[in-house]
Amino acid sequence: MSDNHYLTTHLYKFFKKDGILIVMLKIKTHGPVAQLASAPVWHTGGQGFKSPQVHILMQFQTLTFTEYPSITLPQSVILEYPAETSLPAKDHHFLLYIPWQKKFLQLVPKKFQTFFSKVLPHLSARTTDVHTANCCQYIQPLCYAVEAAHPGRTIDQTVVTLALILHDCGWSRLSEKEVAASLGVSGLKLNATALGPKEKHAVEGVALATELLESYGKSFSLSEAQKDLILLAIRHHDQPEKVAKEGTAVPLEVQVLVDLDHLWSFTQLNFWQDVYRKGINNPQTYLENLQTDLDSYFVTPQGRALATRLWKHRQEEVAQFPTQP
Ligand SMILES: [Fe+2]
């Protein structure tokens, strides 16, 4: 529950069911609520991820724009259109973005915040800044969960964290048209149009990450092996099926980065962003699309389990979506 200072809560009701105390809270959100519902704790006794059994009474808002259709989404999610764009009007929705706020930096592990701030100017395309910071909250739980499934092996969290911070910097070297093309999918599976830019951002990302590590990463005293591993993870972070197919030959750090990146699709912020950014405009339809693609989108069973848990929170939100805003 790392972000509960963005919430005010009121006890709504509580009751006991099957021996479990169910507490229902009325929550007014002043920021991302996803952390409250999804704050994952890994139980090593084979129980998988557990998070507090919280039933959220969602509060929705409708954003209105002078030139675009209105958007209804949770109060805690803000979407904006860019002030200027070279794309035709029919494609403007691909550029909807969540504005960066300083509070997101607190989600980045303290030791990496200065480095993140240096990389930040290269993370503005495609809401990559908000995405990257928010995915940092899953680094520890996922690394511990994957380690628990691989006795005797340790995941280098410095490598994973730096790879996560840098993995999408390549989008800054692509055009608006390429960014739009990468989002022209109804779920998570890439079509031929999206595949080109997705591949290109990973290749560009390796080149730019090399420069950024060289300029700002000295304080981490990385070995050559660590640097190579960071770049390998960036190169393959958007290839879940390839990585899964190669199995144990792929370092755990690479597998974890793939899953950390992809958990973003199941968070509250990106779920609602993509409902509108991808032009689906129907949260129930998008929820079903995510469920269909979930299995093949993750490499580790632990990443898949965490995504399933997040998906259930989105299901609960969508069930409360106002039919007539
Ligand atoms: Fe990403």
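Here are some notes on this predicted model, going from the whole chain down to single residues.

1. **Confidence.** The average pLDDT of the chain is 85, and 79% of the residues score at least 70. Residues 1–8 stay under 50, and the model has 22 contacts beyond four places in sequence for them. Residues 29–39 are also below 50 in pLDDT, and this stretch has 44 contacts in the model beyond near neighbours in sequence.

2. **Overall make-up.** The chain holds 13 helices and seven strands. Of its 325 residues, 39% count as buried. If you take the contacts between residues at least 6 apart in sequence, 68% of them join residues at least 24 apart.

3. In soluble globular proteins, nonpolar side chains tend to be buried together. Here the largest nonpolar core has 61 residues, and A163 and I230 are the ones with the most contacts inside it. A second, separate core has six residues, among them F94, A125, V179 and A180.

4. **A163 and helix α8.** What does A163 touch, not counting residues up to four places away in sequence? Its partners are I230, A233, I234, E253 and L257. I230, A233 and I234 are also among the buried residues of α8, together with L229 and H236. Helix α8 itself covers residues 224–236, and its 13 residues reach 18 Å from first C-alpha to last, close to the 18 Å expected at 1.5 Å a residue.

5. **Helix α12.** This helix is worth a look in your viewer. It runs over residues 283–297, and at 1.5 Å a residue its 15 residues should span 21 Å; the end C-alpha atoms are 19 Å apart, which agrees. A kink of about 30° in α12 is centred on Q291. The buried residues of the helix are P283, Y286, N289, L290 and Y297. Those buried residues pack against α9 (240–246), α10 (252–263), α11 (268–277) and α13 (301–319).

6. **V243 in α9.** V243 is found in helix α9. V243 counts as buried because 23 other C-beta atoms lie within 10 Å, and the cut-off for that label is 20 or more. Setting aside residues up to four places away in sequence, V243 touches H236, V250, V254, Q255, V258 and V299. H236 is one of the buried residues of α8.

7. **Two positive phi angles.** T127 has a positive phi of about 55°, and S221 has one of about 45°. T127 lies in the loop between α2 (113–119) and α3 (128–135), while S221 is in the loop between α7 (192–216) and α8. S221 is exposed, with 8 other C-beta atoms within 10 Å.

8. **Q61 in β6.** Q61 lies in strand β6, which covers residues 60–63. With 13 other C-beta atoms within 10 Å, Q61 is partly exposed; a residue would need 12 or fewer to be called exposed. Leaving aside neighbours within four places in sequence, Q61 is in contact with L73 and Q75. The C-alpha atoms of Q61 and Q75 are 5.2 Å apart in space, although the two residues are 14 apart in sequence.

9. F65 sits in the loop between β6 and β7 (71–74). Why does F65 count as exposed? F65 has 12 C-beta neighbours inside 10 Å, and the exposed label applies at 12 or fewer, so F65 falls in that class. Apart from neighbours within four places in sequence, F65 is in contact with S70 and Y81. The C-alpha atoms of F65 and Y81 are separated by 9.1 Å, and the two residues are 16 apart along the chain.

Definitions and conventions
Residues numbered from 1 in each chain as written. Predicted model: local features only at pLDDT ≥ 70, side-chain atom pairs only at ≥ 80, totals over all residues. Helix = DSSP H or I, 4+ residues; strand = E, 2+ residues; numbered from the N terminus. Expected span 1.5 Å × (residues − 1). Contact = placed C-beta atoms within 7 Å. Core = buried A, V, L, I, M, F, W, Y, C linked by C-beta atoms within 7 Å. pLDDT = per-residue confidence, 0-100. Bend = angle between axes of the 7 residues up to and from the residue.
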